[in-house]
Amino acid sequence: MYFEILGKDTPLAPTLVLSAGLGGAGSFWQPQISALKEHFRVVVYDHFGTARSKGEVPDGYSMADMADEVVQLLHSLSIERCYFVGHALGGMIGLQLALTHPHLVEKLVVVNGWPALDSQTRRCFKVRQDLLLNSGVEAYVRAQPLFLFPADWLSQHQALLEEELKHQTAHFQGTENLLRRLNALMSTDFRPHLADIATPTLALCSHDDLLVPYHCSHQLAASLPNGELAEMAYGGHAMSVTDTENFNRILLGWLLNAQNSKTSLIP
């Protein structure tokens, strides 16, 4: 898999792994890099079968496969323990790692994640899937911002969105790859296993997320033995992009705090 190491690239520096959502591209985390690399050896990677990590995702692909790819990456870099931050699908990879390889994860942040797929999230995924299959890649990519960003942000960033449309259409991961990765995501249900995940975990959500209702993060935090909750009032599904300052403040505050409380409500 394609990866980059940024910030404090020394063996003694704490390692922070950033994992994107369904798009899979590590570039999603660009707004966080400058803040995080002051404190961590930051490893950012493209999921297998997306962006610069070329390859055909196999049939029957699973969340365990995605987690094993991260394990292999960490082993190749001689990283024995890390902080892990994942957005949506990336957060599910983090939960899988904390479940099956708990010795690897010091702390986990799940951004707009869920214990099991919510009906609203399933509805959105079905719409996106139908767009891809019936209208093509450009229609899928053009509709994607509607599920990620608040309406006012969309209105104010039209030029940026047009550039992103061109870029993402040209570098699309491929229909089969996306559908197999989406199927793995939609079929994952952590509810029977949450009590076994002891890793300190922050469930971070946005109240205006159209794709993943914020109550999913409430459920996740409440079901984990060492779960905490942080909430943002604004930002949509991709609030790390739309409200970077608040997102980075919350993220760094929790990662660098040695003592965790059960629940943290941050407006």
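## Surface and model

The protein chain exposes about 11,600 Å², and carbon and sulfur atoms supply 53% of that area; accessible areas here come from the Shrake-Rupley method with a 1.4 Å probe, and for residues only the protein chains shown count as cover. This is a predicted model, in which local features need pLDDT of at least 70, side-chain atom pairs count only at pLDDT 80 or more, and totals for chains, interfaces and linings use all residues. Residues are numbered from 1 along each chain as its sequence is written, while side-chain values use heavy atoms, leaving out hydrogens and water.

## Overall fold

The protein chain has eleven helices and seven strands, where helices (H or I, at least four residues) and strands (E, at least two) are DSSP runs numbered from the N terminus. With a radius of gyration of 17 Å, close to the 18 Å that the globule rule gives for 267 residues, the protein chain is as compact as a globular protein of that length. For your notes, that radius is taken over C-alpha atoms, and the globule rule is 2.2 Å times the number of residues to the power 0.38. Along the principal axes, the C-alpha atoms fill a box of roughly 50 × 40 × 35 Å.

Of the 267 residues, 52% count as buried; buried means under 20% relative accessible area, exposed over 50%, and partly exposed in between (1.4 Å probe, protein chains only). Among contacts between residues at least 6 apart in sequence, 77% join residues at least 24 apart, a contact being heavy atoms within 4.5 Å.

## Charges and salt bridges

The protein chain carries 18 positive and 27 negative side chains, and the centres of the two sets lie 0 Å apart. Lys and Arg count as positive and Asp and Glu as negative, without His and the chain ends; each charge is placed at NZ of Lys, CZ of Arg, CG of Asp or CD of Glu.

There are ten salt bridges, each a side-chain nitrogen of Lys or Arg within 4 Å of a carboxyl oxygen of Asp or Glu. Among them is a network linking Glu4, Asp46 and Arg52.

## Pairs to look at

In helix 4 (residues 119-135), Lys126 and Asp130 lie four residues apart, about one turn of the helix. Their side chains meet in a salt bridge at 3.1 Å, N to O. Lys126 is partly exposed at 42% relative accessible area, and Asp130 is partly exposed at 30%.

Helix 8 (residues 175-186) holds Arg180 and Glu176, also four residues apart. The closest N and O atoms of this salt bridge are 3.7 Å apart. Arg191 and Asp189 form another salt bridge, at 2.6 Å, N to O; Arg191 is exposed at 56%, whereas Asp189 is partly exposed at 30%.
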